[in-house]
Amino acid sequence: MKNWIAFGIALALAPLGHAGDPVRGKELSAVCAACHGEDGKSIAPMFPNIGGQYEQYLYQALLDYKRGNRKDPIMAAQVEALERADLRDLAAYYASQKGLYLKR
């Protein structure tokens, strides 16, 4: 539980650097759509719904896969060749989608 609290505080305090471009993110999302769906609504229960998630959360998750802080061989391979700007753009695109849950 402490780790989740620390993660939440870090997310709240850490700036994105610059906001991502959702239009460019949509262009990059074709590969993501195979599992997460075109608008971030998962095609199967084993894949998370990412549409409508907070942009900073999505960016940090993608960056953690790239750095190896989050362990998933499929996601690690997907983000391996992406630059940070690409990750920001993908995060911006999926954050701009209507999610299954309402944001506060």
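1. Lining of the largest pocket. Helix 3 (30-36), helix 4, helix 5 and helix 6 each contribute at least two residues to the lining of the largest pocket, in what is a predicted model. Helices here are DSSP runs (H or I, at least four residues), numbered from the N terminus. A pocket is an open set of points on a 1 Å grid over the protein atoms alone, where a 1.4 Å probe fits, with protein on both sides within 12 Å along at least five of seven lines; lining residues have an atom within 4 Å of a point. Helix 4 provides the largest share of this lining, five residues.

2. The volume of the largest pocket is about 630 Å³, taken as the space filled by probe spheres set on the grid points, which are joined across faces, edges and corners. Of its 25 lining residues, His36, Ile50, Leu62, Tyr65 and Met75 are the closest to the centre. By class, the lining holds 19 nonpolar, four polar and two charged residues (Ala, Val, Leu, Ile, Met, Phe, Trp, Tyr, Cys and Pro count as nonpolar; Asp, Glu, Lys and Arg as charged; the others, Gly among them, as polar).

3. Basis of the values. Residues are numbered from 1 along each chain as its sequence is written, and side-chain values use heavy atoms, with hydrogens and water left out. Local features need pLDDT of at least 70 and side-chain atom pairs count only at pLDDT 80 or more, whereas totals for chains, interfaces and linings use all residues.

4. Leucine 87 is in contact (heavy atoms within 4.5 Å) with Tyr59, Leu62, Leu63, Lys66, Val79 and Leu82, leaving aside neighbours within four places in sequence.

5. Chain as a whole. The protein chain has six helices and zero strands. Of its 104 residues, 35% are buried, that is, under 20% relative accessible area with a 1.4 Å probe, protein chains only. Among contacts with a separation of 6 or more, 68% join residues 24 or more positions apart.

6. Glycine 52. This residue lies in the loop between helix 3 and helix 4. Glycine 52 is buried, at 12% relative accessible area. Its C-alpha is 9.1 Å from that of lysine 41, eleven residues away in sequence.

Terms used. Buried < 20%, exposed > 50% of the residue type's maximum accessible area, 1.4 Å probe, protein only.
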